[in-house]
Amino acid sequence: YLVTSADYEYQSEHNAYIRAVDSAGNETFQTFALSVNDVSEAPEYERLAATASLYENNTAGAYVYQASAWDPDGDELSYSISGEHASLFSIDATSGDIYANVAFDYESGPTSYTIEVQASDGTGATTQELTIYIDNGNDAPVFGVDAVNAGSYSENLAQGSLVHVATASDVDPWDSTLYYYLADGETAPFS
């Protein structure tokens, strides 16, 4: 009987010595060799679950994560992804690099996506569950609708008259104090 598991890559042959003894103390020895047959073993990941993060407002094609498995037999690996959110990402089948196919927005959510990353040696495959978290970034302020269509004012209006109130908002609660400036360009006669 085996007392430990056999591993071809560790030791491909084992020698055994058997001794038979009768009640009078007579003995005999037999030596024999047992070969371990190599079987294709599936690739392995260090962890079967992993996480990565990506800031919102990323560009399509942004790098997210590198899947990294190894094959106990030394076979070349190819990578693929699957799962409900797999279409939002792409993977380089040779390197295991994963990229975002879209820009994500933290405020409109969801703030995490899970995909399955398969590593295959052509015979066996292993899957790693990857959860990608979308981190909140600093969003730019947005002008309200009234800022686009400002309206009109009468000629000969007195200097200092209010002609428009611009309003903008910022979805980031830590960055909600806004400052307004006239941009460079045609700003006369406004201040």
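Which backbone nitrogen does the side chain of Asn 58 reach at 3.0 Å? The side chain of Asn 58 reaches that of Phe 104.

This is a predicted model, in which local features need pLDDT of at least 70, side-chain atom pairs count only at pLDDT 80 or more, and totals for chains, interfaces and linings use all residues. Residues are numbered from 1 along each chain as its sequence is written, and side-chain values use heavy atoms, with hydrogens and water left out.

Asn 58 sits in the loop between strand S4 (49-55) and strand S5 (63-66). Strands are DSSP runs (E, at least two residues), numbered from the N terminus. Asn 58 is buried, at 10% relative accessible area. Buried means under 20%, exposed over 50%, and partly exposed in between (1.4 Å probe, protein chains only). Leaving aside neighbours within four places in sequence, Asn 58 is in contact with Ala 100, Val 102, Ala 103 and Phe 104. Contact means heavy atoms within 4.5 Å.

Asp 71 occupies the loop between strand S6 (69-70) and strand S7 (78-82). Asp 71 is buried too, yet has no salt bridge. Its nearest side chain of opposite charge is Arg 47, 19 Å away. For charge, Lys and Arg count as positive and Asp and Glu as negative; His and the chain ends are not counted. Beyond four places in sequence, Asp 71 is in contact with Glu 41, Ala 42, Pro 43, Leu 77 and Asp 121.

| Side chain | Backbone atom | Distance |
|---|---|---|
| Asn 58 | oxygen of Val 102 | 3.0 Å |
| Asn 58 | nitrogen of Phe 104 | 3.0 Å |
| Asp 71 | nitrogen of Asp 73 | 3.0 Å |
| Asp 71 | nitrogen of Asp 75 | 3.1 Å |

**The salt bridge**

How many salt bridges does a search of the whole structure find? One. The criterion is a side-chain nitrogen of Lys or Arg within 4 Å of a carboxyl oxygen of Asp or Glu. Glu 27 pairs with Arg 19, the closest N and O atoms being 3.2 Å apart. Glu 27 is partly exposed at 44% relative accessible area. Arg 19 is exposed at 54%.

**Phe 190**

Phe 190 lies in the segment after strand S13 (168-169). Phe 190 counts as partly exposed because its relative accessibility is 39%.

Definitions and conventions
Helices (H or I, at least four residues) and strands (E, at least two) are DSSP runs, numbered from the N terminus. A polar contact is a pair of N or O atoms within 3.5 Å; within protein, one must be able to donate a hydrogen and the other to accept it, and residues adjacent in sequence count only if both atoms are side-chain atoms.
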